[in-house]
Amino acid sequence: MSSDPEFSAKERDAIRREFMLRFSAARSIHDGFLLRRWSTGERRGQPKIPATIQAMLDRGLVSLDDLDKPWPTAKFTTAGFAALKRMAADRRAFSQKDHVQLLNEVAAMAGSGNDS
């Protein structure tokens with residue numbers, strides 16, 4: 001058994017939804033997940049982190065970035081990109097039609113040997 005972390009079923013679903021083709025464009029995997037901010041309460045202004053993203057954050061698959069910008073992000077770490085490459089290696093993981101940009105970016109990373 002490998003010690004490399006893998007994505008859970010909910011995390012795989014979140015990745016599919018975040019990086020799928022919408023209106024003829026898709027987010028780059030290098031841009032990460034867009035997060036919202038708390039608008040009221042004691043956490044006002046802090047990033048609102050969904051449970052699925054928090055689980056990936058806890059395991060070191062993503063890290064928070066752009067915290068000073070209006071839309072903070074959770075970007076893949078080196079371990080996250082490695083897990084994403086393993087996920088993309090399974091032909092059933094992504095639709096060739098809806099995730100063409102993601103698959104091309106993963107293929108380019110695999111070809112260059114660069115994880116960032």
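I began with Arg59, which is partly exposed at 36% relative accessibility. The model I consulted is predicted.

I next looked up the partner of Arg59 and found a salt bridge with Glu11, in which the closest N and O atoms are 2.7 Å apart. Arg59 sits in the loop between helix 2 (51-58) and strand 4, while Glu11 belongs to helix 1 (residues 9-18), so this pair ties together parts that are 48 residues apart in sequence. For Glu11 I noted a relative accessibility of 1%, and Glu11 therefore counts as buried.

I then asked how many salt bridges the structure holds. The count is eight.

I turned to Asp66, whose place is in the loop between strand 4 (62-65) and strand 5 (73-76). Is Asp66 buried or exposed? I recorded 18% relative accessibility for Asp66, which counts as buried because the cut-off is under 20%. Beyond its neighbours within four places in sequence, I found Asp66 in contact with Arg37, Trp71, Pro72, Thr73 and Lys75.

I also checked the side chain of Asp66 for a charged partner and found a salt bridge with Lys69, at 3.9 Å from N to O. Lys69 is partly exposed, with a relative accessible area of 45%.

My last entry concerns Arg92 and Asp90, which form a salt bridge with their closest N and O atoms 3.2 Å apart. Arg92 counts as exposed at 73% relative accessibility, whereas Asp90 is partly exposed, its relative accessible area being 33%.

Technical notes. Residues are numbered from 1 along each chain as its sequence is written. This is a predicted model: local features need pLDDT of at least 70, side-chain atom pairs count only at pLDDT 80 or more; totals for chains, interfaces and linings use all residues. Side-chain values use heavy atoms; hydrogens and water are left out. Helices (H or I, at least four residues) and strands (E, at least two) are DSSP runs, numbered from the N terminus. Buried means under 20% relative accessible area, exposed over 50%, partly exposed in between (1.4 Å probe, protein chains only). Contact means heavy atoms within 4.5 Å. A salt bridge is a side-chain nitrogen of Lys or Arg within 4 Å of a carboxyl oxygen of Asp or Glu.
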